[in-house]
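Please look through the structure shown here and follow the report below, which moves from the chain as a whole to its sheets and helices.

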Amino acid sequence: MLSQGSLRHEIRKGRSVVLQPAFVHVDMSHFRRVLVAGDVHGSFHLLEEQLAALQYNPASDALVLLGDLIDRGINSNAALEWIDKPNVFRVRGNHEEIAAMVADGTADKKWALKSGASWLYEHEPDERKRIAVRLNDAPCALQVRTPGGRDVGMTHADCPSEWAWVREVLEQP
């Protein structure tokens, strides 16, 4: 399985910033299928139901999660288990970034709670940081080579229609 990048930390204006590759190429042509899900928001039981209906096989299928794995649902803590499963790939969403802001103390608590981050405040500060670092160890975009040989761009949210421009900007050092 492809490692999605090692973390580097940098202090900017008193805030810990997580840096990782913003753009990752992944060859998934050897998988039977590439299944894609987004905005799970802690409802992993619903994801499991859908994967079962599709007869998902983690040994032969790839699963791409398009961010916002946490907040609002009943089991955001399961996100850490899911991102470590074999053949699961992902991009970072805005709720993962909210988790980083909660962890480093820069999030307005009322706003973060309204966004669904109450589950994160149940953890001790050091554990919040560990969770946020793990959740944010993901690129902003993936370019996936599918079993059919096509290259497909994947992000959490809307992006410009020119994928080549997105790739060029995100691949800059």
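## Surface and overall make-up

The accessible surface of the protein chain comes to about 9,500 Å², and 51% of this area belongs to carbon and sulfur atoms; accessible areas come from the Shrake-Rupley method with a 1.4 Å probe, and for residues only the protein chains shown count as cover. Of the 173 residues of the chain, 45% count as buried, where buried means under 20% relative accessible area, exposed means over 50%, and partly exposed lies in between (1.4 Å probe, protein chains only).

This is a predicted model, in which local features need pLDDT of at least 70 and side-chain atom pairs count only at pLDDT 80 or more, while totals for chains, interfaces and linings use all residues. Residues are numbered from 1 along each chain as its sequence is written, and side-chain values use heavy atoms, with hydrogens and water left out.

The chain has seven helices and eight strands, which are DSSP runs numbered from the N terminus (helices H or I, at least four residues; strands E, at least two). Among the contacts in the chain with a separation of 6 or more, 70% are between residues 24 or more positions apart, a contact being heavy atoms within 4.5 Å.

## The three-stranded sheet

An open sheet of three strands has the order β3-β7-β8, with mixed pairing; two strands pair if DSSP finds at least two bridges between them. Because β3 (23-27) and β8 (151-155) stand at the edges with a single partner strand each, one side of each is left without a neighbour in the sheet. Neighbouring strands of this sheet are turned against each other by 20 degrees on average, direction ignored, with axes fitted as lines to C-alpha atoms (for helices over the stretch in contact) and angles running from 0 to 180 degrees between N-to-C directions.

Five bridges pair β3 with strand β7 (residues 141-145) in the parallel sense, and V26 stands opposite V144 in β7. Helix α7 (residues 163-171) packs on the sheet and touches β3, β7 and β8, its direction making about 115 degrees with that of β3.

## A parallel pair and its crossover

Strand β4 (residues 33-37) and strand β5 (residues 61-66) run parallel and are joined by five bridges, and the bridge partner of A37 in β5 is L65. From β4 the chain crosses through helix α1 (residues 44-53) to β5, and this β-α-β crossover is right-handed, meaning that, with the strands pointing away from the viewer, the path from the first strand over the helix to the second runs clockwise.

## The buried side of helix α6

In helix α6 (residues 125-135), R128, I131, A132 and L135 are buried. These residues cover an arc of only 100 degrees around the axis, which puts them on the same side of α6; the arc is that of the directions from the helix axis to the C-beta atoms. The elements that cover the buried residues of α6 include α2 (79-83), β6 (88-91), α3 (94-104) and α5 (118-121).
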